[in-house]
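Biologist: Let us go through this structure together. I will ask what stands behind each label.

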Amino acid sequence: MDAKTPSMKDTPRAGFAADILPGLTTAAVVVPKALAYATIALLPVQAGLFAAMLPMAVYALLGSSRLLSVSTTTPIAILCAAAIGEALRVDPTLAPLTAAATLSLLVGLMLIAARVLRLGFLANFISEPVLTGFKAGVGFVIVVDQLPKLLGIHIHKEGFFRDVVSIITHAPEVSWATLGVALGTFAVIALAKRFMPKAPAPLLAVALGIAASALIGLEAAGVSVVGAIEGGLPRLQMPQPGLFEAMWPAAAGIALISFTESIAAARAFVRRRDPPLNANRELFAIGAANAAGAFIGSMPAGGGTSQTAVNRKAGARTQASSLVVAAAAFATLLFLAPVIALMPHATLAAVVIAYSIGLINPAEMVAIRRVRTMEFRWALFACLGVMVLGTLKGILVAIVLSLVGLMWLANDPRVYEIRRKPGTNVFRPRSPEHPEDEALPGLLIARPEGRIYFVNVGNVGGKLQTMLKEHAPQVILLDCSAMPGIEYTALKMLVEAEERLRGEGTELWLAALNPEVLELVQRTPLAERLGRERMYFTVEQAVEAYAARQAGGAGV
């Protein structure tokens, strides 16, 4: 399979055989987590297996990534829980798998529609700091959501902070047998990671939990178990169009998170020899995977970072490994349903927490804080938005924060005073670290950074005015090398500013205009007023001309 022909039909048999072991290794991680994610989403555990079957196989045939593993993820599961929980609250008679089918179909249709509209650029729609905060909020919500199962207590869920208070209030009712199972699961996962890093820790934890349940009779000791599940071949599930209106906001949020996480995971693990990722093709592949999975009752699906990492580390070469994972999930459904029924809920809750706690990344938050305080605040607001408003509204907070952040950055561009490094022709922003940098008497060099348009031109003008008051120059030279474009309103204000400065005895010079900006300037009276004498190819040329004029030479 090469960059031109990445389809599965061209994969050699030897290549497929080489992906069997990596596929089984990945399945050992995906299958137990899929069961756990289904419980988060308020669905029967088989819905998680369904997500690891048909969506996994459809993406393997259609996707542009050779390594991306597509089933379901923690953020998708928690968003799914909010949507399905609301649907069941409105109609308690609704079958959970029917709700899942409806939600998955909506997600799939939205992603396919986005492909038709070529909206692949939405891969970067949510900024990284906001996404970090959103994931942290989801991590906190999942931990609090799973704690009652971990402790063997029952609470009425009313929101993150009220649930925390309720858990504390019910702490005296803890089931010590259930807590013991949970702690044992944590210990197995931790020891496996420490002493057997290549072993499938979640599979070991689940296997030991089931074994303990069967041998000791944990259910008789008061430990809740999964109970009978419907094994065998998946049944046809028909989505309910009547639920579309109520579910579309949740579906939109899941579609965005699914695509954002998928493309991020695919980019993170792409290899140099792999074909380039195609964002619009990814939209179609993930959309088709969700739409297909809907008809067997799969919960919504997307690419997962952790399982993709396992897939690559295990040595997967192509999407054949994903077909092996799908086959393993199908075999689990056919033959292991009675065994899975013995699994303690505490074991699943511990697996969920163990693999969701990584969403809370203090080191990343510290790194954001170190680089930029404002974006750290956005991350905090996104995190709090999920905890206070819930996941569905929280994702809207994340989107709005990203847009506000984009507008804030675009509408407040930097304007630097530029000086020359002594003994060179290097010009750089004025800085306390370089007090020796030279400024020619009577010449102010200013460099605006970014596209100048009607919203930010006032901020740029205000900063330039402050510099003019401080220096009172004879000439202000605008270094336009970092200005990719200028909009009509900003250009008009530049023309008016030149006229005003001329009346005050200050000349405006321009340097390093790119072709687009130069062409626009030439369409205004400004080009005639400045002429070639005050428009230069480089800042260096302009400074030489100014120095020559000051020395009484012939130049300008």
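Modeller: Start with helix α18 (residues 373–389), which gives the most to the nonpolar patch, with four residues. Helices (H or I, at least four residues) and strands (E, at least two) are DSSP runs, numbered from the N terminus. This is a predicted model: local features need pLDDT of at least 70, side-chain atom pairs count only at pLDDT 80 or more, and totals for chains, interfaces and linings use all residues. Residues are numbered from 1 along each chain as its sequence is written, and side-chain values use heavy atoms, without hydrogens and water.

Biologist: What makes the nonpolar surface patch?

Modeller: F161, F381, L384, V388 and L389 make it, with an area of about 490 Å². Patches take residues with over 30% relative accessible area and no salt bridge; like charges are joined within 9 Å, nonpolar side chains (Val, Leu, Ile, Met, Phe, Trp, Tyr) within 5 Å. Areas come from the Shrake-Rupley method with a 1.4 Å probe; for residues, only the protein chains shown count as cover.

Biologist: Why is V388 called exposed?

Modeller: V388 lies in helix α18. Buried means under 20% relative accessible area, exposed over 50%, partly exposed in between (1.4 Å probe, protein chains only). V388 has 54%, so it is exposed.

Biologist: Why is the pair R372 and E375 called a salt bridge?

Modeller: The term needs a side-chain nitrogen of Lys or Arg within 4 Å of a carboxyl oxygen of Asp or Glu. The closest N and O atoms of R372 and E375 are 3.3 Å apart, so the pair meets the definition.

Biologist: Are these two residues buried or partly exposed?

Modeller: R372 has a relative accessible area of 27%, so it is partly exposed. E375 has 17%, so it is buried.

Biologist: Which residue forms a salt bridge with D274?

Modeller: R66 does, with the closest N and O atoms 3.8 Å apart. The pair links distant parts of the chain, 208 residues apart: D274 is in the loop between α11 (244–268) and α12 (279–294), R66 in the loop between α4 (54–62) and β1 (70–71). Both D274 and R66 are buried.

Biologist: What is the distance between R447 and D479?

Modeller: Their closest N and O atoms are 2.8 Å apart, and they form a salt bridge. R447 is in strand β5 (residues 443–448), D479 in strand β6 (residues 475–479). Both are buried.

Biologist: How many salt bridges does the whole structure have?

Modeller: The search finds 20.
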